[in-house]
Amino acid sequence: MKARLRLFGEFRNFTDSAEIEVPVNDGFTVEDLKSQAAVQLGKLRPGYDLERLLSRSAVADENRILDPKELIGDHRWFALLPPVSGG
Amino acid sequence: VGTISVKVQTDRIRLDEILLAPVNPRHGAQILFTGRVRNLNLGKAVRAVSYDAFEPLAEKILSSICTDVQKKAGELLDIVVIHRIGHLEIGEVSVAVYVGAPHRDEAYRASREILEQLKARAPIWKKEHYEDGDSEWLQGHALCGHTPSLEGDHSHGSV
């Protein structure tokens, strides 16, 4: 199974696409999802300090920012949110 | 109870429409804050800025911010928050925060609080395009475990 992860901000520099797909299963937590994203994103931009960026990034759905420990269940669409800079 | 209107949009922000909207007769104070794209940030000459947002969540979070501020102020405030996305040239309005209130003190406080919370919590990003041809996505506030400060930050020139 795969989940789609929409990319914003600095993550847009990793690929021309607005999203990536990562392998998941129902038992995954949000943290597991981020770990899978790290693998995919690391391949796209070798040498970038991805760990630091991901440690400051949140995962959300359309309604809220998700807790790292919560299960993703059957949800298959997320947004990866780096530090924000609106205003 | 006052009204709340929140929007993230690609269209230019019409300040005249905000100011010409009907005013609550109990309101003696109106604050319209605008943030504009500045031509200098951290010593680098900026020629334009692109904004991106996770729109559905951004609008929900902005609504939540406004509701909290409204409750704190006694629920009489009228609030409008509009944030642009897309490509903006120098001088264009990137964000507008309108607050109508019975008195100036609560209007000033609410306006500042909304803007600081927006900058710290709304999933919106800016990419600066520099005169030297370079460009950069700015990284400000992390959305995981951050407590916003009323003092704000000065990481970008416009706001």
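User: How many salt bridges does the rule find across the interface of chain B and chain A?
Analyst: The model is predicted. A salt bridge needs a side-chain nitrogen of Lys or Arg within 4 Å of a carboxyl oxygen of Asp or Glu. A:Arg12 and B:Asp52 meet this, with their closest N and O atoms 3.1 Å apart. Across the interface of the two chains, the count is 1 salt bridge.

User: Which elements of chain B give two or more residues to the side that touches chain A?
Analyst: On that side of chain B, the residues divide into 19 nonpolar, 6 polar and 6 charged. The elements that give two or more of the residues there are helices H2 (55-72) and H3 (104-121), with strands E4 (44-53), E7 (93-101) and E8 (124-130).

User: Which residues in chain B lose the most area to chain A?
Analyst: About 2300 Å² is buried between the two chains, and carbon and sulfur atoms give 57% of this area. On the side of chain B, three residues together account for 30% of what is buried. They are B:Phe54, B:Trp125 and B:Gln139.

User: What radius of gyration does chain A have, and why does it agree with a compact globule?
Analyst: The C-alpha atoms of chain A fill a box of roughly 30 × 30 × 20 Å along the principal axes. A compact globule of 87 residues would have a radius of gyration near 12 Å, so the value for chain A agrees: 12 Å.

User: In what order do the elements of chain A run from the N terminus on?
Analyst: Chain A has 2 helices and 4 strands. From the N terminus on, the order is β-β-α-α-β-β.

Methods
Residues are numbered from 1 along each chain as its sequence is written. Chains are lettered from A and ligands numbered from 1 in the order in which they are written. This is a predicted model: local features need pLDDT of at least 70, side-chain atom pairs count only at pLDDT 80 or more; totals for chains, interfaces and linings use all residues. Side-chain values use heavy atoms; hydrogens and water are left out. Buried area is the accessible area (1.4 Å probe) that two parts lose on being put together, summed over both. Ala, Val, Leu, Ile, Met, Phe, Trp, Tyr, Cys and Pro count as nonpolar, Asp, Glu, Lys and Arg as charged, and the others, Gly among them, as polar. The radius of gyration is taken over C-alpha atoms; the globule rule is 2.2 Å times the number of residues to the power 0.38.
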